[in-house]
Amino acid sequence: MPVAAGRLVGLIRDGLPAGETVGVALSGGGDSTALLHLCLAAGLKVEAVTVDHALRPESAAEAAAVGAGCRTLGVPHEVLLWEHGPIRGNLMDQARRARMGLVADWARARGIGVVALGHTRDDQAETVLMGLSRGAGIDGLSGMRRAWDQGGIRFRRPLLAAGREELRDWLRQRRIGWIDDPTNDNARFTRVRARKALAALAPLGITGARLAEVAGHLAQVQEALRAQVAAAGARVVRQAAGALQVLPGIHEEPAEVRRQLVAQALRWLTGADYAPRAGELERLIAAMVEPRQATLAGCRFKDTWLMREPRAVGGPVPVGQVWDGRWRVTGPAGEVRALGAAGLRQVPDWRATGLPREVLLVTPAIWRGAVLVSAPLAGLSGGGQAELVRPFHLFGRTD
């Protein structure tokens, strides 16, 4: 049955800006291939980028084939290679992080402000199933974000209302081919198992479309909850020297608001894409209520303060570079590293800051060897200045 091409093109026009070059993350698979051709059908000016993850022997040839197809279309295209050694831990997560970082770097270098991704309604449904398997809260059950900012680039998913097979039918009608990645059939990966489970659930009426609809409902609830969390945060959380003081009033907030507050606080402190699992969060919140000291995800809670854990902060960087993912320190030449106990001993007036010792220990300082040059947040200027490159907020822009 012919696919309603006008509807698909409409999703592109509604989801992506006209009048500027849009980057397309192009793997060569059916979804991203449809995305590229739909962008062209919508009259958008596009450039494409393919990340070769170098995980299969065929990947380089496949990336080259994608590039050849783009040249035929007159679309500028570049292949980026993920240079990696042995990979330990979650392969798919590490590949995703590397891919997004490479694509963001590429877009900035090309002067492109918006990058489109080809995720579909089926990806949305699989994400919900994966969230269910983890016992996730509303964040994990609300599905994929339609848009977000990363590395100064706006990423968008304009095809979340389209089905995977719908896109492939659209391509077949136009005799446009695509590359099938065998990884998509490897049951070693959680997403592939979720895909197979979804097919098994279809007789119960639990389809990709239905789960995506549920995710949409939960996303609306999530939006309302975020507004409540932001209001609560303004009452009970304050930022100082890169740490967060959590006031006792947090215990009066509803349990889910409290959980969201702590989850977002941890994400801001660490720069992590995701909050810790629900059980780990609950243990930290219980420690905050008692109160007692606790650590989680590279952060430490003590005496109402949630801060970075000394052993988890970033290593030395030259002055002017970003340290620990949050601070840019400028000033005299040297290297930036944590102030630490040795540095604090060289700042006799640190108590005048009114900040706890534990907070100051993990603030940035300029060092020359063992000599402390500047500790701007502890009261020793020395010509140095420290600025947060990620200003404190409970939620980033997500619309």
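Student: On what basis are the descriptions made?

Tutor: Residues are numbered from 1 along each chain as its sequence is written. In this predicted model, local features need pLDDT of at least 70 and side-chain atom pairs count only at pLDDT 80 or more, while totals for chains, interfaces and linings use all residues; side-chain values use heavy atoms, with hydrogens and water left out.

Student: Why is Ala241 called buried?

Tutor: Buried means under 20% relative accessible area, exposed over 50%, and partly exposed in between (1.4 Å probe, protein chains only). Ala241 has 15% relative accessibility, and therefore counts as buried. Ala241 lies in the loop between β7 (237-240) and β8 (243-246).

Student: What makes Thr304 partly exposed?

Tutor: The relative accessible area of Thr304 is 27%, so Thr304 is partly exposed. This residue belongs to the loop between β10 and β11.

Student: How many bridges join β10 to β11?

Tutor: Four bridges join β10 to strand β11 (residues 305-308), and the two run antiparallel. Arg300 has Met307 in β11 as its bridge partner.

Student: Why is α2 called oblique to α7?

Tutor: Axes are lines fitted to C-alpha atoms, for helices over the stretch in contact, and angles run from 0 to 180 degrees between N-to-C directions. Angles under 35 degrees count as roughly parallel, over 145 as roughly antiparallel, 65 to 115 as roughly perpendicular and the rest as oblique. The axes of helix α2 (residues 30-41) and helix α7 (residues 164-173) come within 9 Å and cross at roughly 60°. That makes α2 oblique to α7.

Student: Which residues of α2 meet α7?

Tutor: Contact means heavy atoms within 4.5 Å. Gly30, Asp31, Thr33, Ala34, His37 and Leu38 in α2 meet residues of α7 including Trp170 and Leu171.

Methods. Pairing = 2+ DSSP bridges.
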